[in-house]
Amino acid sequence: MTQTQDAARSRTFSWSDPTAGAAHVGRRGGLELLRAMIAGELAAPPIMHLIDMARMEADEGRVAVELVPQEFHYNPLGTVHGGVISTLLDTAAACAVHTTLPAGVGYTSLDLNVKFLRPVTVASGTLRCEGTVLQRGRRTALAEARLTDARGRLIAHATSSCLLFPLDQPA
């Protein structure tokens, strides 16, 4: 990804075919799949390139992602758009749930409840978002995500419910 900061700002980025990575969903456990993406064995999903999400960490029941706020994240108020912040929170919470799933089990978000606590600008420094599974049952899971700035201040918090379901296995 490249970005310019002169008068005519522009941004370009590229991504890999998302269907290649999606083909592994259900064939590997969630933690194994995320670790393969982190190691570069599988391509990161396009959303990570779109918003310029950086470094990811994954352990059982926990995921962390980072993002350095840029001007292209801004809303008309001159702060990072709530949709970008929500995307970070959703990614961390849902992927934390994914790390707990065995091969053959999928998930989808049912809801995302976000509380915005502080504005974010480029001066906020690297944002770190940590998602943690609070409870996982047979059909649903509950996770939370906490977004902090470079000084460790809480920027936003979210809870997310996910629906768990069996995936059709290819013959």
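In this predicted model, cysteine 95 counts as buried because its relative accessibility is 12%. The closest cysteine sulfur to that of cysteine 95 belongs to cysteine 162, at 9.4 Å, which is too far for a bond. Cysteine 162 is itself buried, with a relative accessible area of 0%. The structure as a whole holds 0 disulfides.

**Overall architecture**

The protein contains 4 helices and 8 strands. Read from the N terminus, these elements follow the order β-β-α-α-α-β-β-α-β-β-β-β. Along the principal axes, the C-alpha atoms occupy a box of roughly 55 × 30 × 25 Å. The radius of gyration is 17 Å, which agrees with the value near 16 Å that a compact globule of 171 residues would have.

Of the 171 residues, 36% count as buried. The accessible surface amounts to about 9100 Å², and carbon and sulfur atoms account for 54% of that area. When contacts between residues at least 6 apart in sequence are considered, 64% of them join residues at least 24 apart.

An unreviewed UniProt entry lists residues 78-155 under "domain: Thioesterase". Over residues 78-155 the chain is 22% helix and 42% strand, with the end C-alpha atoms 16 Å apart.

In soluble globular proteins, nonpolar side chains tend to be buried together. The largest nonpolar core of this model comprises 36 residues, and the members that touch the most others are Leu88, Leu89, Cys129 and Leu147. Two or more residues of this core come from each of helix H2 (30-38), strand S3 (53-59), strand S4 (62-67), helix H4 (82-98), strand S6 (127-136), strand S7 (140-148) and strand S8 (154-166). H4 provides the largest share, with 10 residues.

The surroundings of leucine 89 can be described in detail. Leaving out residues up to four places away in sequence, leucine 89 touches Val114, Cys129, Ala145, Arg146, Leu147, Ala156, His157 and Ala158.

Valine 97 is also located in helix H4, and its relative accessible area of 0% makes it buried. Valine 97 and leucine 142 are 45 residues apart along the chain, yet their C-alpha atoms are separated by 7.9 Å.

Helix H2 has Gly30, Leu31, Leu33, Leu34 and Ala36 as its buried residues. The cover over these residues includes helix H1 (18-22), S3, S4 and H4. After H2 comes glycine 40, which has a positive phi near 85°.

Most residues other than glycine have a negative phi, and most peptide bonds are trans. Aspartate 52 has a positive phi of about 70° although it is not a glycine. Aspartate 52 is placed in the loop between helix H3 (46-50) and S3, and with a relative accessible area of 24% it is partly exposed.

Arginine 55 belongs to strand S3. It is partly exposed, at a relative accessible area of 47%. Apart from its neighbours within four places in sequence, arginine 55 is in contact with Ala64, Val65, Glu66 and Arg128. Glycine 137 lies 82 residues from arginine 55 along the chain, and 29 Å separates the C-alpha atoms of the two.

**Accessibility of selected residues**

The table collects the relative accessible areas of the individual residues discussed above.

| Residue | Relative accessible area | Class |
|---|---|---|
| Cysteine 95 | 12% | buried |
| Cysteine 162 | 0% | buried |
| Valine 97 | 0% | buried |
| Aspartate 52 | 24% | partly exposed |
| Arginine 55 | 47% | partly exposed |

The classes rest on a cut-off: a residue is buried under 20% relative accessible area and exposed over 50%, and partly exposed in between. Aspartate 52, at 24%, is therefore partly exposed, whereas cysteine 95, at 12%, is buried.

Methods
Residues numbered from 1 in each chain as written. Predicted model: local features only at pLDDT ≥ 70, side-chain atom pairs only at ≥ 80, totals over all residues. Heavy atoms only, no water. UniProt positions renumbered as here; feature names shortened; annotations may be inferred. Core = buried A, V, L, I, M, F, W, Y, C linked by side-chain atoms within 4.5 Å. Buried < 20%, exposed > 50% of the residue type's maximum accessible area, 1.4 Å probe, protein only. Contact = heavy atoms within 4.5 Å. Rg over C-alpha atoms; globule rule 2.2 N^0.38 Å. Areas by Shrake-Rupley, 256 points an atom, 1.4 Å probe, with all protein chains shown as cover. Disulfide = S-S within 2.5 Å.
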